[in-house]
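Please take a moment to look over the sequence and the model together before reading on. The paragraphs below go from one place in the chain to another and describe what can be found there.

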Amino acid sequence: MILDKIKVSTQTLEWKCVEARTDSKRLSYGRFILSPLIKGQADTIGMAMRRVLLGAIEGTCITRAKFEKIAHEYSTIIGIEESVQEILINLKEIVLRSNLYGTCDASISVRGPRCVTAQDIILPPSVEIIDNTQHIASLTEPIDLCIGLQLERNRGYCIKTPTNYQYGSYPIDAVFMPVRNVNHSIHSYGNENEEILFIEIWTNGSLTPREALFEASRNLIDFFIPFLHAEEENFDFEDNQDKVTLPLFNFHHKLTKRKKNKKITTLKPIFIDQLEFPPRIYNCLKKANIHTVLDFLNKSQEDLMIMDHFRIEDVKDTLDTLAKYLAIYL
């Protein structure tokens, strides 16, 4: 039986990796178990983890390519074996790993005759290529090939639409999902009221299965955090709107004036994505589970100071940005 081959916990809830392998640079596999679980819990956790692994894990893709003097994507270029459409398909298959947020630019600039591979892509420091040998095009004559690329980090998939076309610039269907497949299975043991959950994960190499499982777990936890803090928030309900008093920070004197006039500042849900934070600061805030302006304002300056990789200068820049954005409310 399965318990004869795998030692599982029968006392405290724990998970472990029972198998991990790398089949190729673009295919990794991991098998994990979670036990002990009460009957019914394994299916609940397994279904939730599968949905998050396949739909909520972010990945990086090439989403647009710009060619010089090319009329349409079905054109052929003298001196290149592939058509523009075939080059776009090859670019779609490039697997990238990054910690960027939003979009950034990359490029290809080579001269033939030669074979163009993923290694020839000029990338920003925050992005790396998983498999440098991935084929892009074959140049058979001494010509120059210059392609401007747009990289984007997102989740799910994005299908190009005709409205996205520009002269010489073509959108690329993007599959951001780094997790290629997920299976989960449930096995009973003991008195048949206890279960063990098996989760199998295949990734494209940009994330290991262990990293993907960690990201999915963190996403699930984030979903339930609002329920944990629901009674801790000091909300005033009036006209079905959430009204909160801003922390002091640099706005102390303005808020004091507001309070004397008995006015309360109403804040609609504002995500930090709407603010023009530099990518590094944005990354730090996201890792600290700061997703909205309210999340940020509920933090003290001391809380910001102890955040990983968050410097004193970053605290000042962040507060300055927020002060400018919220000026209309104060």
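A polar contact is a pair of N or O atoms within 3.5 Å, where, within protein, one atom must be able to donate a hydrogen and the other to accept it. With that in mind, and remembering that this is a predicted model, we can begin with Glu195, which lies in strand S15, a strand that covers residues 194-203. The side chain of Glu195 reaches the backbone nitrogen of Gly40, and the distance between them is 3.2 Å. Glu195 is buried and yet takes part in no salt bridge, since the nearest side chain of opposite charge, that of Lys39, is 4.2 Å away.

Is Ser169 buried or exposed? Its relative accessibility is 4%, and Ser169 therefore counts as buried, because buried means under 20% relative accessible area. The side chain of Ser169 makes a polar contact with the side chain of Arg64, at 3.1 Å. When residues up to four places away in sequence are left aside, Ser169 touches Arg64, Ala65 and Lys66.

Ser109, another serine, belongs to strand S5, which is made up of residues 102-111. With a relative accessible area of 49%, Ser109 is partly exposed. Which residues does Ser109 touch, if those up to four places away in sequence are not counted? They are Leu145 and Cys146. Ser109 and Asp144 are 35 residues apart along the chain, while their C-alpha atoms are separated by 7.2 Å.

On the surface, Tyr157, Ile159 and Val175 form a nonpolar patch, and together they have about 320 Å² of accessible area. Of these, Tyr157 is found in strand S11, which consists of residues 157-158, and at 60% relative accessibility Tyr157 counts as exposed.

The last stop is helix H6, which spans residues 279-287 and in which Ile281, Tyr282, Asn283, Cys284, Leu285 and Lys286 are buried. After H6 comes Asn289, whose phi is positive, near 60°.

How values were computed
Residues are numbered from 1 along each chain as its sequence is written. This is a predicted model: local features need pLDDT of at least 70, side-chain atom pairs count only at pLDDT 80 or more; totals for chains, interfaces and linings use all residues. Side-chain values use heavy atoms; hydrogens and water are left out. Helices (H or I, at least four residues) and strands (E, at least two) are DSSP runs, numbered from the N terminus. Buried means under 20% relative accessible area, exposed over 50%, partly exposed in between (1.4 Å probe, protein chains only). Contact means heavy atoms within 4.5 Å. Patches are made of residues with over 30% relative accessible area and no salt bridge: like charges are joined within 9 Å, nonpolar side chains (Val, Leu, Ile, Met, Phe, Trp, Tyr) within 5 Å. Accessible areas come from the Shrake-Rupley method with a 1.4 Å probe; for residues, only the protein chains shown count as cover. A salt bridge is a side-chain nitrogen of Lys or Arg within 4 Å of a carboxyl oxygen of Asp or Glu. Lys and Arg count as positive and Asp and Glu as negative; His and the chain ends are not counted.
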